[in-house]
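These are my notes on one protein structure. I record below what I looked up, entry by entry.

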Amino acid sequence: MTESFHRSGEYENPYEGQQQAPVNPEWPPPPAYAPAHAPHSKKRGRGPFALIAAVAIVAAAIGGGTAYGIQELTGNDTVASSSTSTTVVPSSQKGTVAGVAKAVSPSIVEISADSNAGSSTGSGVIITGNGEIVTNNHVVSGASQIKATTSDGKSYTAKVVGTDSKKDLALIKLENASGLKAATLGDSAGIQVGDQVVAIGSPEGLSGTVTSGIISALDRDVTVPTEEGQDQGRQQWEQGQDQGQGDQWPFEFGGRQFNGDTGSDTTTYKALQTDASLNPGNSGGALIDMNGNIIGINSAMYSPTSQASSSSDAGSVGLGFAIPINTVKADLAKLRAGSTD
């Protein structure tokens with residue numbers, strides 16, 4: 001074919017000076033003029049189209065991962081959100097527990113809640129630079145005073161913004177806080193059984209405690225007390241801590257009740273199951289993938305301790321549950337609006 005073209009691009013008719021073949025009337029007439037470099041023009045026509053399609057696909061992928069993060073357009077109010085492929089951990093420590101701990105620990109706080117029944121300790125995840133924190137509803141339910149301590153030891157007074165007892169979620173806001181390091185919320189839909197995870201929280205008031213494990217199961221039906229049953233569960237929780245017997249926060253799974261009686265007013269949510277060690281005080285803390293993205297809020301753990309047992313029997317047995325972060329993201333607008341469900 002290249003012999004049909006001069007270097008100047010002028011088309012050369014190979015049949016010039018020869019008798020033309022007969023033309024079938026049903027055939028379409030040949031073009032009067034064939035433009036120079038026609039085959040090359042056809043290739044160029046596909047090139048830009050392929051590039052535009054690729055850009056559109058990339059834009060859609062990026063948009064899907066970050067659309068939630070642009071809920072608020074002012075710096076301190078922006079919630080950082082990403083897909084699970086986004087890496088928060090420095091490349092030199094990517095995929096390591098140490099790297100995840102270093103990157104995410106500044107975004108985890110210890111929460112102390114005081115109520116008429118006593119005091120308790122939990123954890124929370126900073127989601128905006130001005131001090132919005134996601135935690136469990138049972139950590140702050142009924143509290144008359146809430147304090148949060150960051151990883152650098154600074155203490156803040158906090159107020160409840162909104163609660164959702166049906167999902168055991170709460171949003172609190174630190175007073176006079178700014179410049180905090182917000183965690184990056186991942187995508188729990190991409191989590192698979194066997195994925196490595198890291199948990200950070202304040203078990204037994206030991207702030208900044210890091211444990212690791214894997215995702216053991218998905219979509220576990222975990223049942224906890226609703227708002228009406230929070231006080232009973234909270235009293236069990238606080239009494240257990242006062243007696244040195246660990247966290248008695250009750251939950252139900254597979255038709256069995258653990259850590260106390262959940263009562264008659266309960267709600268059930270789908271949870272991630274992990275064997276990462278969770279202990280009393282981890283409630284409301286972060287479950288994190290190996291890229292440093294928050295994929296869940298730790299909410300319940302089984303402990304073999306009971307009111308009649310000694311404190312030496314308490315501890316994690318590798319049965320922990322976390323609220324998927326996509327559930328949190330879907331609920332955040334409601335919490336910010338001041339929900340008290």
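This is a predicted model: local features need pLDDT of at least 70, side-chain atom pairs count only at pLDDT 80 or more; totals for chains, interfaces and linings use all residues.

**Serine 105.** I located serine 105 in the loop that runs between α2 (97-104) and β1 (108-115). I then followed its side chain, which reaches the backbone oxygen of alanine 101 at 2.6 Å. Setting aside neighbours within four places in sequence, I listed Val100, Ser151, Ile200 and Val210 as the contacts of serine 105.

**Valine 104 and the cores.** I turned next to valine 104, whose contacts, leaving aside neighbours within four places in sequence, are Ile200, Ile288, Gly292 and Ile294. I looked up the largest nonpolar core and found 33 residues in it. Val104, Val125, Ile127 and Ile294 have the most contacts inside this core. I noted that helix α5 (residues 325-336) gives the most to this core, with four residues. I also recorded a second, separate core of 15 residues, with Ile146, Ala148, Ile172 and Ala177 among them.

**Isoleucine 323.** I found isoleucine 323 in strand β14 (residues 320-324).

**The whole chain.** I counted five helices and 14 strands in the protein. Of its 341 residues, 43% count as buried. For contacts between residues at least 6 apart in sequence, I noted that 70% join residues at least 24 apart. The protein exposes about 16,800 Å², and carbon and sulfur atoms supply 52% of that area.

**Confidence.** I looked up the mean pLDDT of the protein, which is 77, with 65% of the residues at 70 or more. Over residues 1-10 the pLDDT stays under 50, and the model has ten contacts for them beyond four places in sequence. Over residues 232-247 the pLDDT is likewise below 50, and I noted 54 contacts for this stretch beyond near neighbours in sequence.

Key: Residues are numbered from 1 along each chain as its sequence is written. Side-chain values use heavy atoms; hydrogens and water are left out. Helices (H or I, at least four residues) and strands (E, at least two) are DSSP runs, numbered from the N terminus. Buried means under 20% relative accessible area, exposed over 50%, partly exposed in between (1.4 Å probe, protein chains only). Contact means heavy atoms within 4.5 Å. Accessible areas come from the Shrake-Rupley method with a 1.4 Å probe; for residues, only the protein chains shown count as cover. A nonpolar core is a set of buried Ala, Val, Leu, Ile, Met, Phe, Trp, Tyr and Cys residues joined through side-chain atoms within 4.5 Å. pLDDT is the predictor's confidence in each residue, from 0 to 100. A polar contact is a pair of N or O atoms within 3.5 Å; within protein, one must be able to donate a hydrogen and the other to accept it, and residues adjacent in sequence count only if both atoms are side-chain atoms.
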